[in-house]
Amino acid sequence: IANVPDVFSTDSALQASFHPAWGSCPVPDTTPPTVSDIAMASGNGTPTLATTGDVITLTFTSDEEIDTPTVIIAGKSAAVTSSDNLDWMATYTVESGDDQGLAAFVISAIVDLSGNPAANVTALTVGSAVTIDTAAPTVSTIAMISDNGTTTLATTGDEITLTFTVSEGIVPGNTPTVIIAGKSAAVTSND
């Protein structure tokens, strides 16, 4: 076995096939993906509120490419899209029978291209959740009086005041319309 040429020390392709430090070999990926920048907004004029027909959008970013995850918003399946498998958008259109209150969500089936699964995600990391409100406000405690000496009567020049209470706050700028005796009334609020 004397005088065998040392081909191994000079052949880089042969070296790479035997030892990773001498060439590039695939490194196994055993790290699950992470999801960040999780934010929610509504297409409503107030992005933290949603009513029937408004689209709630949940956006998030994965630290590596992942397969399309499953997203549930307000207990219903959302449409999930991405152009690069890194930046994601899930959308859901609010329906009249949806639960009232904060729109809960779950991002599940988060799996990278190597098959590593991540835990489900249920919390925002940016901003605040959208509140679903599909119930119309109700009006109660309705009273009408006149500034006449007899408050149940009104004559020319008397002022009639109608007071009422609504079950929830009304969005500023959406003042109710009140008609008294066929004429528009000035409407103000105490709160």
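Tutor: A residue counts as buried when its relative accessible area is under 20%, as exposed when it is over 50%, and as partly exposed in between. The model discussed here is a predicted one.

Student: Is Asp-98 buried or exposed?

Tutor: The relative accessible area of Asp-98 is 4%. The cut-off for a buried residue is under 20%. Asp-98 is therefore classed as buried.

Student: Which class of accessibility does Lys-76 fall into?

Tutor: Lys-76 has a relative accessibility of 31%.

Student: What is the N to O distance in the salt bridge of Asp-98 and Lys-76?

Tutor: The two side chains link distant parts of the chain, with Asp-98 in the loop between β7 and β8 and Lys-76 in strand β5, 22 residues apart. A salt bridge requires a nitrogen to oxygen distance within 4 Å. For Asp-98 and Lys-76 that distance is 2.8 Å.

Student: How many residues apart in sequence are the parts that Lys-76 and Glu-95 tie together?

Tutor: A salt bridge of 3.3 Å, N to O, joins the side chains of Lys-76 and Glu-95. Lys-76 belongs to strand β5, whereas Glu-95 sits in the loop between β7 (87-93) and β8 (101-102), so the parts tied together are separated in sequence by 19 residues.

Student: Which residues are linked in a network of salt bridges?

Tutor: The structure contains two salt bridges. One is formed by Lys-76 and Glu-95, and another by Asp-98 and Lys-76. The linked residues are Lys-76, Glu-95 and Asp-98.

Student: What is the strand order of the open sheet of three strands?

Tutor: Strand β4 (residues 70-73) runs antiparallel to β5 and is joined to β5 by two bridges; within this pairing, Ile-72 has Ser-77 as its bridge partner. The edge strands, each pairing on one side only, are β5 (76-77) and β9 (105-108). The order is β5-β4-β9.

Student: Why is the pair of Phe-60 and Trp-88 stacked?

Tutor: One aromatic pair is found in a search of the whole structure. The ring centres of Phe-60 and Trp-88 are 6.4 Å apart, and the limit for a pair is within 6.5 Å. Planes under 30 degrees apart count as stacked. The pair is stacked because the planes of Phe-60 and Trp-88 lie at 10°.

Student: Which strands hold Phe-60 and Trp-88?

Tutor: Both Phe-60 and Trp-88 are buried. Their pair links distant parts of the chain, 28 residues apart. Phe-60 lies in strand β3 (residues 55-62), and Trp-88 lies in strand β7.

Student: Which strand gives the largest share of the lining of the largest pocket?

Tutor: The largest pocket holds about 700 Å³ of space. It is lined by 26 residues, and the closest to its centre are Phe-164, Val-187, Thr-188, Ser-189 and Asn-190. By class, the lining has 13 nonpolar, ten polar and three charged residues. The largest share, seven residues, comes from strand β12 (residues 160-166).

Student: How many charged residues are in the lining of the second largest pocket?

Tutor: The second largest pocket holds about 280 Å³ of space. Among its 16 lining residues, Leu-49, Thr-51, Asp-133, Glu-168 and Val-171 are the closest to its centre. Seven lining residues are nonpolar and seven are polar, while the charged residues number two.

Definitions and conventions. Residues numbered from 1 in each chain as written. Predicted model: local features only at pLDDT ≥ 70, side-chain atom pairs only at ≥ 80, totals over all residues. Heavy atoms only, no water. Pairing = 2+ DSSP bridges. Helix = DSSP H or I, 4+ residues; strand = E, 2+ residues; numbered from the N terminus. Buried < 20%, exposed > 50% of the residue type's maximum accessible area, 1.4 Å probe, protein only. 1 Å grid on protein atoms, 1.4 Å probe; cavity = no way out; pocket = protein on both sides within 12 Å on 5 of 7 lines; lining within 4 Å. Points joined across faces, edges and corners; volume = space filled by probe spheres on them. Nonpolar A, V, L, I, M, F, W, Y, C, P; charged D, E, K, R; others polar. Phe/Tyr/Trp six-rings, centres within 6.5 Å; stacked < 30°, edge-to-face > 60°.
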